[in-house]
Structure formats: C-alpha cells, structure tokens
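Please consult the sequence and the coordinates alongside the text.

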Amino acid sequence: MRKHIARLLAVLAALAALIAAPGLPAAFAAPGTAAAPAPAAAAVWNPPTNLVQPLNEVWNHVESTYPNLYGFRNYGWDQIMANRGSVNYCVRWESDAPVSAALRDRIHTALKKQFGKWMSAMLDNGTGHNAWPYTNVPVNIVGWAVKNRSTLQWTDSSVDIYAGNLDGGGAPQCSPDCGRFFHQDGNYSRCPGGAARHYDQSLWLTKGLSGGFGGDWGQRVGQEYFVNTLDQENIHIFLHEVGHTFGLDDFYDWSPTGQCCFLMKAGSAAQITEFDKWMFRDFWRHLKSRYGL
Ligand SMILES: [Zn+2]
C-alpha cells in the first residue's frame, strides 16, 4: 500500500512539472536542450498487422490460464536480467554414453547457437526490441553432472564436475546449492564456486527420452536426440522447450486465428517462426515493467 501512495505522489509531481513547463517533455529534457527528444523507439510495439489479433488471443489465453502469471519471477527473462545479460547452464548427462572433450565442446557450441536463436528474436537490426537491454547474451556451461565420473573422458578443469549427486529420481544433477531454481533470491553463498559458478538452467539429456520438457529450471530432451542433431540448423524440440523457459505456452487444444504452424504448437513447425518471435516479444512486453522498462 505504501508503494502505491509513493507512486501516486510521483505521478502528481510529474503532472505538476508538466503544468509548470507546458510543452516541455519534463521527463526527458536536459538543462539547456531546446529540442524535444524523438519518441522512445524502445517502447514501440509494431507486430505485423495480421499477427495483432492472434497475439491478443494468445495473451488473453495466458492471462486467463496461468495461475501466477505476473507474480512468477523466475522466467528466463528474470534470469538473464539477474545476471545482467548472460545465462549459465549445468548439463545433466543422464546416460552412460561416454563424453569426449570434443563432444562436450560440440554440445556447448550447439547450445549457444540454439539459445541464441531466441535471443536474436529480440533484436531489430542489432537493437533490442521494446527496451530489451541485451544485444548479446553469452551462454556459459559451468558444470556437468553425471552418475560416474568415468563417463566424462576429459581431464581439464574447464567446467565443474558433479559426479554421483543424484536427485530424488536418481538422475545426476549439479549441486542444488549452485542452482537458481533452488535459490531464486540469488544467494549462492553455499555454492563452492560462488555466484560465478551458479547455474540458471539445466540442459538435461536423458537416454531414451522422446519428446521433451521445459520450464524455468531448463530443458530436458533425449540424450541421443540432442547428440544426433548437434549439427542441425534447428534442434527444434530443444528450441520449443526453451520457449517454455521464457514463459511461452503449448497449443495442444487450440490455434490462434490464422496460425496453423509454429514452433510452440508442437509438431507443426521445426524452427522459430515469425509468430513465435512475436509471442516471445509479447511476453517481454508484458513483463518488462517489473524492471522499470
Ligand atoms: Zn511444449
């Protein structure tokens, strides 16, 4: 309640400033500047005309079906904002297939490329859309989790290795002390490597899994699927699951007007489409005010 009163006072003060200096954009004018600034391009919302209605339908659906849409604070967006423009991963290797250093590095390369496709969807000519602040979001892998250390065939120390740390279902995990999912307050004081070695998301690769799962904790797809598609332009099941990490919904039982085929409608597209891109941007548009943007 106190915050509301403070905000009302701020609005009144701003109005008073406008009344005192008619014609001057009070919030923007610097001392000694006569020219009015250009409208803030960052706030532009300009989807293609034919996408306006289906985007509104999607957002109305999200608003009416997500139990805590505006209260939830661990979307992929929140994680990147907390890190000031990067994301850290743990790879959960739920498989006994050996991993060479070369395969480890190929997995990182693919992860960067695929995650980067969603990040690129926020850019217009190299500028962040709708006040999105980050034109380049580094994707770091800080740890690998495995049941037996011998499955990982490298000896260098480029990533932290968690061997034999299993979750309740017996799947290897990086230390929960280092995981954002478990420490959404950003306190990683119990993580051996501290905040620098924390992970926001898991790339959870499970032997024999078909399909996938995605959420604020990361993405889970088949180990064989991911390895076999490393060199593909689009690892589309993974891309779909990253969409969930950033809050996007599934479309199992309905389609927005005029939209038959897009990544988040599972099985109907194998890449991020124009419609996916604008749904992604719309999520940020509705979330950004929590960051004063
Ligand atoms: Zn899905």
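Two strands are said to pair if DSSP finds at least two bridges between them. In this predicted model, strand β1, covering residues 87-94, meets that criterion with β4: the two pair in the parallel sense over 7 bridges. Within this pairing, Val91 has Trp144 of β4 as its bridge partner.

Strand β4 spans residues 139-146 and also has bridges to strand β5, residues 160-163. Here 4 bridges join the strands, which again run parallel.

Is β4 mostly covered or mostly open? Of its 8 residues, 6 are buried, so that the strand is mostly covered, a residue being counted as buried if 20 or more other C-beta atoms lie within 10 Å of its own. In a regular strand, the side chains alternate between the two faces of the sheet.

These strands belong to a protein that contains 7 helices and 8 strands. Of its 293 residues, 33% count as buried. Among the contacts with a separation of 6 or more, 59% are formed by residues 24 or more positions apart.

The confidence of the prediction remains to be described. The average pLDDT of the protein is 89, and 85% of the residues score at least 70. Over residues 1-42, however, the pLDDT is below 50, and this stretch has 11 contacts in the model beyond near neighbours in sequence.

Key
Residues numbered from 1 in each chain as written. Predicted model: local features only at pLDDT ≥ 70, side-chain atom pairs only at ≥ 80, totals over all residues. Buried ≥ 20, exposed ≤ 12 C-beta atoms within 10 Å, placed from the backbone. Contact = placed C-beta atoms within 7 Å. pLDDT = per-residue confidence, 0-100.
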